[in-house]
Amino acid sequence: MNNKLFRDFLKLTVPVRCLSTKFQPNYYEVLGVDRAASSKEIREAYIKKSKEYHATAGYKLNLSDDQLHQKFQEVNQAYQVLNNSIKKQEYDNYLNSMAR
């Protein structure tokens, strides 16, 4: 899948400002899971990370409110893609094409 198709695919889940940047975060790294992770492992990682970056608990990380908000959004975006089997497969295809 080429970059344009991937951008079209993610328009529903990722804000345009994230797609226009050169850096596209690896959703597996954002959640801290392996590519072979089960949906249960992905969900558990999402819950853990969302609690870590939530505004009420983020003060422990010494991050500004904007940084916490950005991290929290990244975690949510990653979960939206990796939790949906069709989107996850498309994302995996995209990662494979980028590795070539």
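Which helix is Ser50 found in? Ser50 sits in helix H4; a helix here is a DSSP run (H or I) of at least four residues, numbered from the N terminus. The model is predicted, so local features need pLDDT of at least 70 and side-chain atom pairs count only at pLDDT 80 or more, while totals for chains, interfaces and linings use all residues. Residues are numbered from 1 along each chain as its sequence is written, and side-chain values use heavy atoms, with hydrogens and water left out.

Let's look at how the helices pair up. Axes are lines fitted to C-alpha atoms over the stretch in contact, and angles run from 0 to 180 degrees between N-to-C directions.

| Helix pair | Axes come within | Crossing angle |
|---|---|---|
| H4 (residues 39-53) and H5 (residues 65-82) | 9 Å | roughly 170° |
| H5 and H6 (residues 85-99) | 6 Å | roughly 100° |

That makes H4 roughly antiparallel to H5 (the cut-off is over 145 degrees). On the H4 side, the contact (heavy atoms within 4.5 Å) includes Ile42, Tyr46 and Ser50, and on the H5 side it includes Phe72 and Val75.

H5, on the other hand, is roughly perpendicular to H6 (65 to 115 degrees). Gln80, Val81 and Leu82 of H5 meet Lys87, Lys88 and Tyr91 of H6.

Now back to Ser50. Ser50 is buried, with a relative accessible area of 12% (buried means under 20%, using a 1.4 Å probe and protein chains only). Not counting residues up to four places away in sequence, Ser50 touches Phe72 and Val75. The Ser50 side chain also reaches the backbone oxygen of Ile47 at 3.0 Å.

Key. Helix = DSSP H or I, 4+ residues; strand = E, 2+ residues; numbered from the N terminus. Parallel < 35°, antiparallel > 145°, perpendicular 65-115°, else oblique. Buried < 20%, exposed > 50% of the residue type's maximum accessible area, 1.4 Å probe, protein only. Polar contact = N/O pair within 3.5 Å; in protein donor to acceptor, adjacent residues only side chain to side chain.
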